[in-house]
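Work through the exercises below with the sequence and the structure open. Try each task before reading its solution.

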Amino acid sequence: MATDYPPEKIISVLKKSRLFSQFDETQLIQLMAFATVERFEKNTKIIHENKPNQTIYTLLKGSVDIFVGDELILKLRRK
């Protein structure tokens, strides 16, 4: 786990996301008060099928591949 992203960068990314664009900067800062920034190794499973997932992930850098079984159904990239 790493926390090397400055708060301004995190707010900037959150404002651009569809999920968080509805919130103002004060609300995003409150969200960041208990949020963490994590870095995952390649091929790490971060969401598990048939299990409750209570964590919201925002992609700051890198890519995420979403599979159902062995089928790739979605690829997300962030430069």
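The model is predicted, so local features need pLDDT of at least 70, side-chain atom pairs count only at pLDDT 80 or more, and totals for chains, interfaces and linings use all residues. Residues are numbered from 1 along each chain as its sequence is written, and side-chain values use heavy atoms, with hydrogens and water left out. The predictor's confidence in each residue is the pLDDT, from 0 to 100; its mean over the protein chain is 83, and 95% of the residues reach 70 or more.

**Exercise 1. Find the salt bridges and state which elements they connect.**

Step 1. Apply the rule: a side-chain nitrogen of Lys or Arg must lie within 4 Å of a carboxyl oxygen of Asp or Glu.

Step 2. Take Glu25 and Lys15, with N to O at 2.9 Å. Glu25 lies in helix H2 and Lys15 in helix H1, so the bridge ties together parts 10 residues apart in sequence. Helices (H or I, at least four residues) and strands (E, at least two) are DSSP runs, numbered from the N terminus.

Step 3. Take Lys75 and Asp65, whose closest N and O atoms are 2.7 Å apart. Lys75 belongs to strand E2 and Asp65 to strand E1, so this pair also joins parts 10 residues apart in sequence.

**Exercise 2. Classify the aromatic pairs by the angle between their planes.**

Step 1. Rings of Phe, Tyr and Trp (its six-membered ring) pair if their centres lie within 6.5 Å; planes under 30 degrees apart are stacked, over 60 edge-to-face, and the rest tilted. This rule gives two aromatic pairs.

Step 2. The ring centres of Phe20 and Phe23 are 6.4 Å apart with planes at 45°, so this pair is tilted.

Step 3. For Phe40 and Tyr57 the centres are 6.0 Å apart and the planes at 70°, so the pair is edge-to-face. Phe40 and Tyr57 are 17 residues apart, both in the loop between H2 and E1.

Step 4. Check the cover, where buried means under 20% relative accessible area, exposed over 50%, and partly exposed in between (1.4 Å probe, protein chains only). Phe20 is buried because its value is 9%, whereas Phe23, at 34%, is partly exposed.

**Exercise 3. Which strand does Ile66 lie in, and is Ile66 buried or partly exposed?**

Step 1. Ile66 lies in strand E1.

Step 2. Its relative accessible area is 31%, so Ile66 is partly exposed.
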